[in-house]
Every structure is written in structure tokens, then in C-alpha cells.
Amino acid sequence: MHVRISLFLLLFLTVGKTQDTTAITIKSPKKAFALSLVPGLGQVYNGKWIKSALIIGLEVSSFMAWRLNLDRYNNYDSNNFPLRKYRYLEKRNKYAWWMGIIYVYSMIDAVVDSHLHSFDHLMNKPIEIIKNSEEKNEK
């Protein structure tokens with residue numbers, strides 16, 4: 001229940017934030033990677049607020065599910081749970097894998113987004129302007 005409330009609040013708070021597509025800045029992939037060591041910060045650096053909230057929410061949800069199954073596995077003998085004990089161990093391991101997968105995905109996504117940050121702006125320019133600016137850079 002707490003997971004659903006926290007996810008709802010995170011998504012509700014980020015609805016007002018829009019992704020700025022008019023800014024033309026070069027994003028550093030190294031900085032994006034360093035910030036992405038904390039889940040969601042790499043996406044914040046790239047201006048992807050909704051994606052950041054989603055990643056943080058998924059990480060929190062996975063952690064809470066992992067913790068719940070760990071507690072049920074450890075306290076199985078003193079309570080009456082609907083599943084067998086080994087199922088809680090399997091579910092705990094599954095959520096541990098999900099935490100790792102989401103974490104690695106968020107790092108890769110932050111680096112790729114920083115590389116492609118100026119792609120839309122570049123594609124909207126006429127080819128002649130791009131060629132002229134490349135020729136000036138070569139000289």
C-alpha cells in the first residue's frame with residue numbers, strides 16, 4: 001500500500017515538470033554516468049523528470065518487495081503465510097535481480113540520453129548549415 005502511495009505522489013509531483021526541448025546544451029556522458037550511480041539522478045541531469053521519477057519509483061518498489069519477502073522468509077515459522085517457505089526465498093531473489101537490472105538500465109539510459117541530447121535540434125537544421133559549421137571547425 002505504501003508503495004502505491006509513494007509512486008502516485010512521485011508521478012503526481014512530476015506531472016507539472018515538462019522536458020525542455022528548446023535548450024541547446026551539450027551534456028557530458030561522464031557526468032551523466034557519475035550522477036546515475038544514484039538511481040534517477042542521471043535522468044534529472046538530462047532533464048528527463050518523468051523518467052527519473054519512474055526509475056526511483058521502480059527501485060523503491062523493488063526494494064520494498066524484496067524486504068517484504070525477506071521478512072516473510074525469515075519469520076515463516078512464526079506466522080501463517082499462504083505460500084511455502086522456498087517461494088518467499090525465490091521471490092526475494094527475483095526482486096534483488098530486478099533492483100540490479102533497473103539500476104544498470106538507469107545508468108545506461110543516462111549515458112545514452114546525454115549522448116543524444118542535441119539530436120533533435122541537430123536534425124531540424126538544414127544540411128547546408130551543418131556542412132558549413134563542420135567545415136569551419138576543420139579549419
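Analyst: A residue is buried when its relative accessible area is under 20%, exposed when over 50%, and partly exposed in between (1.4 Å probe, protein chains only). This is a predicted model: local features need pLDDT of at least 70, side-chain atom pairs count only at pLDDT 80 or more, and totals for chains, interfaces and linings use all residues. Residues are numbered from 1 along each chain as its sequence is written, and side-chain values use heavy atoms, with hydrogens and water left out.

User: What makes a stretch a helix, and how many helices are in the protein chain?

Analyst: Helices are DSSP runs of H or I with at least four residues, strands are runs of E with at least two, and both are numbered from the N terminus. By that rule the protein chain has 7 helices and 0 strands. Along the sequence the pattern is α-α-α-α-α-α-α.

User: How do you know how H4 is oriented relative to H5?

Analyst: Two packed helices are described by the angle between their axes and the distance between the axes. The axes are lines fitted to C-alpha atoms, for helices over the stretch in contact, and angles run from 0 to 180 degrees between N-to-C directions. For helix H4 (residues 49-74) and helix H5 (residues 85-115) the angle is about 160°, with the axes 8 Å apart. H4 is therefore roughly antiparallel to H5, since angles over 145 degrees count as roughly antiparallel, under 35 as roughly parallel, 65 to 115 as roughly perpendicular and the rest as oblique.

User: Which residues make up the contact of H4 with H5, by type?

Analyst: They divide into 16 nonpolar, 3 polar and 8 charged. Ala, Val, Leu, Ile, Met, Phe, Trp, Tyr, Cys and Pro count as nonpolar, Asp, Glu, Lys and Arg as charged, and the others, Gly among them, as polar.

User: What makes Val 44 and Arg 87 partly exposed?

Analyst: Val 44 has a relative accessible area of 27% and Arg 87 has 33% relative accessibility, so each value falls between the 20% and 50% limits. Val 44 lies in helix H3 (residues 41-45), and Arg 87 is in helix H5. Not counting residues up to four places away in sequence, Val 44 touches Trp 49 and Ser 52, where contact means heavy atoms within 4.5 Å.
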